[in-house]
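Please read the following alongside the sequence and the model.

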Amino acid sequence: MTDHYAVIGNPIAHSKSPAIHAAFAHQTGQHMDYGRILGSLDDFSGDVRRFVAAGGRGLNVTVPFKEQAWRLLANRSARAERAGAVNTLIVQDGGLLRGDNTDGIGLVHDLADNHGFNFSNKRVLLLGAGGAARGVLGALLESGPAELLIANRTATKALDLARNTADNRVTGHGLDKLAGRQFDLIVNATSSGLGGHVPPLPSDCLADGAWAYDLLYADHLTPFCCWAKARGAKRVLDGLGMLVEQAAESFALWRGVRPDTAPVIKQLRGGAQR
Ligand code: ATR
């Protein structure tokens, strides 16, 4: 029997998730299909209900529905709870719906496992305080950095997010308060790159050997990756690896088997499914 999965978002036409999950299913021999749903902006819950009523077993949820999915699903994992967002919906045996969030663990797997970044004793700068930043914050902290500074254009949002972690390694600031600070890892979780911009950062905020990670990905270097490369970052990574890693975590939640991500990342980097 074939089980049905899909990604729901708006827009959705360019999502790579169907290709990623098709590759995972092929690799692991799972009998499943995975489609895409253009979610209606005013009836997300209706779309979910119809998918489940038609026998769907799980959904990936993407922009702009992650917070709505969180509100819709009362049964949530601790990490989804903390993120305030759901990117993975699981239809459990008996039909109960559960919400999880694999974005943060996807980022950490990409950084630590695929690329060998070691978080211990590191100073991390997280740029942004919106949904994307909230989604990765918990997993970054669990990776054990010495300190994590959240900086946002609107300072109050960074302060609130930092306070909510109740973790004394975390502080929140405006982007204008970074002068003289240096970081071993800068994670860009702002949406500024979509408009071709980079958050205004002091040019010396990258420590020697610093890494830069943009949650955005593109065929070309993203504006933030360009910025970091030009300032001598040791490693500059975009979010394609995170995309595949978060998908692998969702796949494992649904199917009980974790696929090998390396060949799928390689396939996507090759431009086969842009
Ligand atoms: P997402 O779900 O992608 O995180 P969001 O919740 O709207 O989207 O958050 C967007 C984030 O990008 C915010 O942190 C935003 O800063 P503000 O809170 O000040 O709005 C940040 N952002 C967007 N455009 C930016 C820009 N040009 N420069 C700096 N930060 C920007």
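The axes of α1 and helix α10 (residues 262-269) come within 10 Å of each other and cross at roughly 140°. Axes here are lines fitted to C-alpha atoms, for helices over the stretch in contact, and angles run from 0 to 180 degrees between N-to-C directions. Helices (H or I, at least four residues) and strands (E, at least two) are DSSP runs, numbered from the N terminus. α1 and α10 are therefore oblique to each other; angles under 35 degrees count as roughly parallel, over 145 as roughly antiparallel, 65 to 115 as roughly perpendicular and the rest as oblique. The crossing of α1 and α10 is right-handed. A crossing is called right-handed if the near helix is turned clockwise from the far one by less than a right angle, and left-handed if anticlockwise.

This is a predicted model, in which local features need pLDDT of at least 70 and side-chain atom pairs count only at pLDDT 80 or more, while totals for chains, interfaces and linings use all residues. Residues are numbered from 1 along each chain as its sequence is written, and side-chain values use heavy atoms, with hydrogens and water left out.

On the α1 side, I20, A23, F24 and Q27 meet P263, V264, Q267 and L268 of α10, where contact means heavy atoms within 4.5 Å. By class, this contact of α1 with α10 has 6 nonpolar, 2 polar and no charged residues. In this classification Ala, Val, Leu, Ile, Met, Phe, Trp, Tyr, Cys and Pro count as nonpolar, Asp, Glu, Lys and Arg as charged, and the others, Gly among them, as polar.

Helix α1 (residues 17-28) also packs with helix α9 (residues 240-255): their axes come within 10 Å and cross at roughly 50°. That angle makes α1 oblique to α9. α1 passes α9 in a right-handed crossing. From α1 the contact is made by I20, H21, F24, A25 and T28, and from α9 by L243, V244, A247, A248, F251 and W254. The contact of α1 with α9 has 9 nonpolar, 2 polar and no charged residues.

Next comes the pair α5 and α6. Helix α6 (residues 131-142) packs with α5 at an angle of about 55°, and the two axes are 7 Å apart. That makes α5 oblique to α6, and the crossing of α5 and α6 is right-handed. D103, G104, I105, L107 and V108 in α5 meet G135, V136, A139 and L140 in α6. The residues of the contact of α5 with α6 divide into 6 nonpolar, 2 polar and 1 charged.

What lies in the loops? S77 is found in the loop between α3 (66-72) and α4 (78-83). S77 is buried, with a relative accessible area of 6%; buried means under 20% relative accessible area, exposed over 50%, and partly exposed in between (1.4 Å probe, protein chains only). Leaving aside neighbours within four places in sequence, S77 is in contact with R98, G99, D100 and N101. With D100, S77 also has a side-chain to side-chain polar contact of 2.7 Å. A polar contact is a pair of N or O atoms within 3.5 Å; within protein, one must be able to donate a hydrogen and the other to accept it, and residues adjacent in sequence count only if both atoms are side-chain atoms.

Apart from neighbours within four places in sequence, G84 is in contact with E67, W70 and R134. The C-alpha atoms of G84 and A247, which are 163 residues apart along the chain, are separated by 19 Å.

Two loops hold cis peptide bonds. The bond from N10 to P11 is cis, with omega near 10°, and P11 is found in the loop between β1 (3-9) and α1. The bond from V63 to P64 is cis too, with omega near 5°; P64 is in the loop between β3 (56-61) and α3.

Two further loop residues have a positive phi. N121, in the loop between α5 (103-114) and β6 (123-127), has a phi of about 65° although it is not a glycine. N121 is exposed, with a relative accessible area of 67%. A166, in the loop between α7 (155-165) and β8 (170-174), has a positive phi of about 50° and is not a glycine either. A166 is exposed, with a relative accessible area of 73%.
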